[in-house]
Amino acid sequence: MERQMKLEKQALVVTKEFQMDGEAKSAVGYGSGHINDTFLVEGEKRYILQRMNRSIFTHPEEVMENIMGVTSFLKKKIEKAGGDTSRETLNVIATKNGKSFYVDEAGEYWRMYNMVEDAVSYDRVESEQDFYESAVAFGNFQQLLSDYPAETLHETIPGFHDTAARYQTFLKAVEEDICERAAEVEEEIAFFKNRKETAQILGNMLKEGKLPLRVTHNDTKLNNIMMDVKTGKGICVIDLDTVMPGLAVHDFGDSIRFGASTAAEDEQDLSKVSCDMHLFELYVQGFLKGCGGRLTETEIKMLPMGAKTMTYECGMRFLTDYLQGDVYFKTHREGQNLDRARTQMKLVADMEEKWSCMEQIVEECAKIHK
């Protein structure tokens with residue numbers, strides 16, 4: 001509590017460095033993100049202020065360069081379509097020196113966005129319509145950026161969705177066992193080892209040119225879409241820290257991992273965890289509609305593999321972090337990362353049982369959204 005109060009006091013001081021309308025009256029902790037420190041700033045208008053996590057984003061300048069490039073590109077597309085650029089993409093508030101970020105005396109990086117007003121985000125799927133609208137929004141994100149030169153973006157977290165590299169990191173964590181936890185999770189370790197081929201498939205297809213390089217969001221959870229409170233439509237994709245070159249099927253897969261699960265990410269009762277095929281179909285429909293025909297036939301065919309791979313990878317990362325002492329993902333209770341790993345394992349196993357159903361759903365939806 002004391003640390004949070006100190007941070008909020010510091011955040012209020014930092015607001016003076018940005019070109020806000022008027023002065024900030026308050027800066028309080030905001031949101032449920034695992035990575036950055038986020039504050040809601042209130043004054044004449046509302047803003048989002050963030051202190052970037054430098055232990056994860058070791059080159060914050062490159063993160064901001066990616067964000068500025070992509071949001072500028074999106075604004076042009078939105079303007080051309082007659083949309084509202086103040087609500088349909090993030091707007092970075094410049095510092096008083098005209099930069100996209102501020103560096104304080106301690107070397108910490110801060111950036112500010114406009115608040116997307118009259119919109120909300122959800123940590124869990126509240127309604128089927130919300131999930132569908134998020135799919136349309138992430139698909140539309142792919143469509144709008146389909147002609148952006150993905151190769152010009154910085155890889156701000158090298159190997160972020162290099163599942164094969166993640167697998168090697170996992171093996172190293174098991175071998176080193178610095179917290180002496182490996183013995184208690186032998187079953188979980190075996191689960192990922194027994195499916196090591198999953199780590200290779202999509203990466204190999206990219207290397208072979210069977211899947212195209214795209215601009216990808218890389219954190220396509222439901223809570224990274226702002227929903228208009230009046231229309232219920234997904235209007236703005238947020239949290240662009242991990243926008244990088246990647247695979248469209250990864251973005252699709254991460255959404256399914258998070259949104260089609262029937263339980264919370266850290267659910268301890270695994271009997272509650274499964275991949276809901278109705279929600280899966282709903283998301284496929286929305287995503288393909290939003291993409292507007294920009295995906296290749298191979299990309300569409302590999303959507304189920306995207307879902308399985310992202311779930312496998314995320315579960316492996318949670319287990320790796322647990323083995324390394326919970327140093328990456330924020331935890332609020334003991335064993336939370338292990339519980340997160342177990343829910344992902346349950347989802348992977350459930351997808352394997354429902355594989356033919358997932359493939360059939362994608363095939364049928366693709367006929368509608370050619």
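**Exercise 1. In which helix is Glu128 found?**

Before starting, keep in mind that this is a predicted model, in which local features need pLDDT of at least 70 and side-chain atom pairs count only at pLDDT 80 or more, while totals for chains, interfaces and linings use all residues. Residues are numbered from 1 along each chain as its sequence is written, and side-chain values use heavy atoms, with hydrogens and water left out.

Step 1. Helices (H or I, at least four residues) and strands (E, at least two) are DSSP runs numbered from the N terminus, and Glu128 lies in helix H4, which covers residues 128-144.

Step 2. Glu128 has a relative accessibility of 40% and therefore counts as partly exposed, given that buried means under 20% relative accessible area, exposed over 50%, and partly exposed in between (1.4 Å probe, protein chains only).

Step 3. Not counting residues up to four places away in sequence, Glu128 touches His278, Leu279 and Leu282, where contact means heavy atoms within 4.5 Å.

Step 4. Glu128 and Val70 are 58 residues apart in sequence, and their C-alpha atoms are 29 Å apart in space.

**Exercise 2. Find which residues touch the most other members of the largest nonpolar core.**

Step 1. A nonpolar core is a set of buried Ala, Val, Leu, Ile, Met, Phe, Trp, Tyr and Cys residues joined through side-chain atoms within 4.5 Å.

Step 2. The largest such core has 80 residues, and Phe252, Ile256, Phe280 and Phe287 touch the most other members. Helix H9 (residues 277-291) gives the most to this core, contributing 9 residues.

Step 3. Beyond its neighbours within four places in sequence, Phe252 is in contact with Phe280, Tyr283, Val284, Phe287, Leu303 and Ala307.

Step 4. A second, separate core of 22 residues includes Val185, Ala199, Phe318 and Met345.
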